[in-house]
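Biologist: I am new to this structure. Please show it, and then I will ask about it.

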Amino acid sequence: MENRMPEGNSDEKIRYLNAQKRVKEIRGFYAHLISFVAVNIVIIIFNILYHELGYMKIKVNQFYSLIIWGIIVLIHAGIVFLGNDWEKRKIRKLMNKEK
């Protein structure tokens, strides 16, 4: 299946370019999420394997990267999935409700 820009009217081209931009945003988020999960699995395994034997105490400072990066991933998700599109959909929904 080819992914070519339509040759029709300008509305169709604009919709295509908007959809293409949206797909890139979503793909970027998923790449960010996958790297977050992979890196933090390695960090957690490293913390478990190289922790003092016989004394397992979880410390918050071992998970700073997980916590901070997790917050950043949540912000990224909010921007991608609840950004301007969410506002436009909500406005349309409220306007349709008023009819």
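Biologist: How many helices and strands does the protein have?

Modeller: This is a predicted model, in which local features need pLDDT of at least 70, side-chain atom pairs count only at pLDDT 80 or more, and totals for chains, interfaces and linings use all residues. Residues are numbered from 1 along each chain as its sequence is written, and side-chain values use heavy atoms, with hydrogens and water left out. Helices (H or I, at least four residues) and strands (E, at least two) are DSSP runs, numbered from the N terminus. Along the sequence the pattern reads α-α-α, and the count is 3 helices and 0 strands.

Biologist: What percentage of the residues of the protein count as buried?

Modeller: Buried means under 20% relative accessible area, exposed over 50%, and partly exposed in between (1.4 Å probe, protein chains only). Of the 99 residues, the buried share is 14%.

Biologist: Which residues make the nonpolar surface patch?

Modeller: Patches are made of residues with over 30% relative accessible area and no salt bridge, where like charges are joined within 9 Å and nonpolar side chains (Val, Leu, Ile, Met, Phe, Trp, Tyr) within 5 Å. A salt bridge is a side-chain nitrogen of Lys or Arg within 4 Å of a carboxyl oxygen of Asp or Glu. Areas come from the Shrake-Rupley method with a 1.4 Å probe, and for residues only the protein chains shown count as cover. The patch covers about 690 Å² and is made by Y64, I67, I68, I71, I72, I75 and I79.

Biologist: Where is I75 placed?

Modeller: I75 is one of the residues of that patch. Its place is in residues 64-82, helix α2.

Biologist: How many aromatic pairs are found in the whole structure?

Modeller: Rings of Phe, Tyr and Trp (its six-membered ring) pair if their centres lie within 6.5 Å; planes under 30 degrees apart count as stacked, over 60 as edge-to-face and the rest as tilted. The search of the whole structure gives 4. Among them, F29 and Y30 form a tilted pair, 5.6 Å centre to centre with 55° between the planes. Ring pairs also link F29, Y30 and F81 into a cluster, and the total of aromatic pairs is 4.

Biologist: Why is the pair of F29 and F81 edge-to-face?

Modeller: The ring centres of F29 and F81 are 5.3 Å apart. Their planes stand at 90°, so the pair is edge-to-face.

Biologist: Is F29 buried or exposed?

Modeller: The relative accessible area of F29 is 6%, so this residue is buried.
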